[in-house]
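Subject: Structure for you to look at

Hello,

Here is the structure I said I would pass on. My notes on it follow below.

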Amino acid sequence: MTARVVLLGTGTGLPDPDRAYTHLVWDGPGGPFLVDVGGESYRRMLAAGIDPQRLTGVLLTHSHCDHINGLPALLFSLRLGGRTEPLPIYSLPATIELTTAFLAAAGLEDWATPVIWQPVTPGEPLQLRDGLVITTAITAHSRPCLALRFAAPNVPAVCYSSDTEPCPTVVDLATGAQILIHEATTAEPFAGHTTPRQAGAVAAAAGVRRLILVHFSPRWTMPVDQALAEIAAGGFHGDAAVGVDLQELTLLPER
């Protein structure tokens, strides 16, 4: 069985013309399952051939606005599209508290699909439908933030760092995954974020086959060619790339 992750957006908190806020969707067993809601998520899922009305859940990694700002519009669009089934949204309690206040301020009233809030305990696997398991870990960021790992029967695992500086919890979570999707926001080490060279070191330590950089800007971080050279300088010599919006990452069974 194959599955894919679609990068709905790959930019930083300061978007580029061709890079929206970083968020992604798991399209495999137990899905489609959305990670963060970076704005225009409904339209971008349609562009990826995914019916947003079929969403089985959303996980919010943290409460910075570039990761939650599209949630009111998503719930509004789902309701206009006819969805009355509640949407499970998983996150840390602190993120849920801020996000519920944000939704209340949006004044959607009855024009929103209802939500079932699901508090997440880091390290405690989420056992979802069709054998999908999502495992989370706390990252090193300026707000409480979750990295996550998707695993499903007969499908290789994929890990997403979310926003973080290099940290052992992400290395542990990514170990043995086929793909690591890792942020690379800054050119030089910076608290709460990662450079392309540091992301390469994380990927090498975790032993993944493929590294994809997100939360990246060719304008504000560094040119793509330089980022790829920096990944290699960090010690990762596997398949590496800088992600682009609406890119599909296919998870193929190991041979």
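Strands here are DSSP runs of E with at least two residues, numbered from the N terminus. Ala-240 is found in one of them, strand S13, which covers residues 239–242. Please keep in mind that this is a predicted model.

The chain as a whole

The chain contains 7 helices and 14 strands. Its C-alpha trace spans about 55 × 40 × 35 Å along the principal axes. A compact globule of 255 residues would have a radius of gyration near 18 Å, and the chain has 17 Å, so the two agree. Of the 255 residues, 55% are buried. Among contacts with a separation of 6 or more, 64% are between residues 24 or more positions apart.

Leaving out residues up to four places away in sequence, Ala-240 touches Leu-211, Leu-228 and Ile-231. Leu-126 is 114 residues from Ala-240 in sequence, and the two C-alpha atoms are 29 Å apart in space.

Trp-26 is found in strand S2, residues 23–27. With a relative accessible area of 0%, Trp-26 is buried, since buried means under 20%. Again not counting residues up to four places away in sequence, the residues Trp-26 touches include Ala-3, Arg-4, Val-5, Phe-33, Leu-132, Phe-150, Val-158 and Leu-251. Of these, Val-158 is 132 residues away from Trp-26 in sequence, while their C-alpha atoms are 9.6 Å apart.

A pair of helices

Two packed helices are described by the angle between their axes and the distance between the axes. For helix H6 (residues 196–206) and helix H7 (residues 224–233), the axes come within 7 Å and cross at roughly 40 degrees. H6 and H7 are therefore oblique to each other, as an angle under 35 degrees would be needed to count as roughly parallel. The crossing of H6 and H7 is right-handed.

Which residues make the contact? From H6 they are Pro-196, Arg-197 and Gly-200, and from H7 they are Ala-227, Glu-230, Ile-231 and Ala-233. Sorted by class, the contact of H6 with H7 has 4 nonpolar, 1 polar and 2 charged residues. Ile-231 of H7 is also one of the residues that Ala-240 touches.

Regards

Methods. Residues numbered from 1 in each chain as written. Predicted model: local features only at pLDDT ≥ 70, side-chain atom pairs only at ≥ 80, totals over all residues. Heavy atoms only, no water. Axes fitted to C-alpha atoms, helices over the stretch in contact; angles between N-to-C directions. Helix = DSSP H or I, 4+ residues; strand = E, 2+ residues; numbered from the N terminus. Parallel < 35°, antiparallel > 145°, perpendicular 65-115°, else oblique. Left-handed = near helix turned anticlockwise from the far one by under 90°. Contact = heavy atoms within 4.5 Å. Nonpolar A, V, L, I, M, F, W, Y, C, P; charged D, E, K, R; others polar. Rg over C-alpha atoms; globule rule 2.2 N^0.38 Å. Buried < 20%, exposed > 50% of the residue type's maximum accessible area, 1.4 Å probe, protein only.
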